[in-house]
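Me: Could you take a close look at how the aromatic rings are arranged in this structure? I'd enjoy a connected walk through them.

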Amino acid sequence: MLIAFDSIRGTKLAGTDDEVGTIQDLLIDTDDWLTRHIVVDTGKWLPDRRVLLPPSILGRCDWQQRAIAIDLSQQQVKDSPHVDSRKPVSRQMEAELFKHYDVPAYWGPAGVSLATGTAMSMPLSAHVPVGEQQAIEEELPPLRSGKEILNYSIEASDGDLGHVEDLIVDDATWAIRYVVIDTKNWLPSRKVLIAPQWVDSVSWSETTVHVDLTRDQIKNSPEYDPLTPINRGYEEHLYDYYGKERYWLP
């Protein structure tokens, strides 16, 4: 199911013995536009902690109840490696997190990403071979906060277009399928979608997303209604309009 990031934030995580917390943010790998970590607000039971959970930990999503089951106890979450909220997440910290939760890492030798947004046929060991330790320690993954990307300016090939209002997440793979663009600075009360693969570049210092599309192309694209669930028919129409290859086809 495709779900808006705005709807994901605040979703409760139900552990095996009690509620663990609520989803506060997503850490997104901007090379592949895949969610690598769920940022959890643990509330009063574990104050002043930044807890990260790999998406593979998450169980069934009940978006109507805004709740997700996870196969972890509060103690397991409490014992997880501490993450310094003032520093970027390093590859070594990721390795420690995956080892603690006993789940596969998403990279291959020397940190080479193997993720494609689909399930892997052969899981990777979360335990890092000694020979690869130095390479992993020196690597900083390209992780960005989902909340950070919101309100970034959108720059079309021929001028300002609007801003990022939301992100659309695939809850099966936790891939970012679409960026929601609000064009109210140019087209009042109109929202449209583009796939992140169509983004030409992102200037993190200037908080601007550049797309190799004209404003007229965006203007005439299928409109997005946040109150209407995105179905495959709408996606077919969107991809036909832009003449792009569909992500759901092999």
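Reply: Happy to. Let's start with a charge and a ring: Arg91 lies over the face of Trp107, 4.7 Å from the ring centre. Keep in mind that this is a predicted model.

The structure has eleven aromatic pairs. One of them joins Tyr178 and Tyr239: the ring centres are 6.5 Å apart, and because the planes stand at 70 degrees, where over 60 counts as edge-to-face, this pair is edge-to-face. Its partners come from distant parts of the chain, with Tyr178 in strand β11 (residues 175-182) and Tyr239 in helix α7 (residues 232-242), 61 residues apart. Tyr178 is buried, at 0% relative accessible area. Tyr239 has 3% relative accessibility, so this residue counts as buried too, the limit being under 20%.

Helix α7 also provides Tyr242, which pairs with Trp198 from the loop between β12 (191-194) and β13 (199-203). Here the centres are 4.9 Å apart and the planes are at 55 degrees, so the pair is tilted. Because of where the two residues lie, this contact ties together parts 44 residues apart in sequence. Trp198 and Tyr242 are both buried.

Conventions. Residues numbered from 1 in each chain as written. Predicted model: local features only at pLDDT ≥ 70, side-chain atom pairs only at ≥ 80, totals over all residues. Heavy atoms only, no water. Phe/Tyr/Trp six-rings, centres within 6.5 Å; stacked < 30°, edge-to-face > 60°. Helix = DSSP H or I, 4+ residues; strand = E, 2+ residues; numbered from the N terminus. Buried < 20%, exposed > 50% of the residue type's maximum accessible area, 1.4 Å probe, protein only. Lys NZ or Arg CZ within 6 Å of the ring centre and 35° of its normal.
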